[in-house]
Amino acid sequence: MNIMFLALNREALGERVTLSLFIGLMEVAVHMNSVFWRYLLLLSLLYIFWGQFFVAGGVINQVAFNFALFYPLGFLVGYRHQAEYWRTAYLTAFIFNLLSYVMASVLEIPIESWLMVILDFFSLFMVLKVGMYMGRRSQSED
């Protein structure tokens, strides 16, 4: 079902709209399912591996941890021939990072500074972009 059709059809209200939007979102989720979950698995494995090497606190430590997690994902996406996966990589990295903050709040781990959270998300996107650039660059040299 096309979501744009639902937006134009003003007669479809209530449960039909909710159900149709849910079906449309599920179609999108099924389409990106394998790529999204593959990237999430990679990030999870990297988190398990690198999680013991970094301790919380400090700007340099946070940027280095983001580099260890998100650079390999960016490099992999940049190295692949399909250019449409870069959106899924950004979405996966954003959701992964957001889930880490949700888990921290559930476990009642205090957030030291909101400035650190902003820096964390900014460095996530920058490291992922650098990884994609380096992956494209090394792929073109082969």
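Predicted model: local features only at pLDDT ≥ 70, side-chain atom pairs only at ≥ 80, totals over all residues.

Reader: What does Ala89 touch, leaving out residues up to four places away in sequence?

Author: Ala89 touches Tyr39, Leu73, Val77, Leu128 and Met132. Contact here means heavy atoms within 4.5 Å.

Reader: Why is the pair Phe75 and Tyr79 called stacked?

Author: Two values decide this. The ring centres must lie within 6.5 Å for a pair, and planes under 30 degrees apart count as stacked. For Phe75 and Tyr79 the centres are 6.1 Å apart and the planes are at 10 degrees, so the pair is stacked. By this rule the count comes to 13 aromatic pairs.

Reader: How far apart are Phe75 and Tyr79 in helix H3?

Author: They are 4 residues apart in H3 (residues 59–79), which means that about one helical turn separates Phe75 and Tyr79. An α-helix has 3.6 residues a turn, so residues three or four places apart point the same way.

Reader: Are Phe75 and Tyr79 buried, exposed or partly exposed?

Author: Buried needs under 20% relative accessible area and exposed needs over 50%, with partly exposed in between. Phe75 has 30% relative accessibility, so Phe75 counts as partly exposed. Tyr79, at 35%, counts as partly exposed.

Reader: What makes Trp86 and Tyr90 edge-to-face?

Author: Planes over 60 degrees apart count as edge-to-face. The planes of Trp86 and Tyr90 have 85 degrees between them, and the rings are 6.0 Å apart centre to centre. Trp86 and Tyr90 lie 4 residues apart in helix H4 (residues 85–106), about one helical turn. Trp86 is partly exposed at 37% relative accessibility, whereas Tyr90 is under the 20% cut-off at 16% and therefore counts as buried.

Reader: Which residues form one aromatic cluster with Trp86 and Tyr90?

Author: Phe94, Tyr101, Phe121 and Phe125 belong to that cluster together with Trp86 and Tyr90.

Reader: How do you know that the span of H3 is close to the expected one?

Author: H3 has 21 residues, and at 1.5 Å a residue the expected span is 30 Å. From its first C-alpha to its last, H3 reaches 29 Å. There is a kink of about 35 degrees at Phe70 in H3, shortly before the proline Pro72.

Reader: Why is Asn66 called buried?

Author: The cut-off is under 20% relative accessible area. Asn66 has 1% relative accessibility, so Asn66 counts as buried. Other buried residues of H3 include Phe65, Leu69, Phe70 and Leu73.

Reader: What makes the meeting of the Asn66 and Asp120 side chains a polar contact?

Author: A polar contact pairs N or O atoms within 3.5 Å, one able to donate a hydrogen and the other to accept it. The contact between the side chains of Asn66 and Asp120 is at 2.6 Å. Not counting residues up to four places away in sequence, Asn66 touches Tyr71, Asp120, Ser123, Leu124 and Val127.

Reader: Why is Leu41 called exposed?

Author: Exposed means over 50% relative accessible area. Leu41 has 51%, so Leu41 is exposed. Leu41 has its place in helix H2 (residues 15–50).

Terms used
Residues numbered from 1 in each chain as written. Heavy atoms only, no water. Helix = DSSP H or I, 4+ residues; strand = E, 2+ residues; numbered from the N terminus. Buried < 20%, exposed > 50% of the residue type's maximum accessible area, 1.4 Å probe, protein only. Expected span 1.5 Å × (residues − 1). Bend = angle between axes of the 7 residues up to and from the residue.
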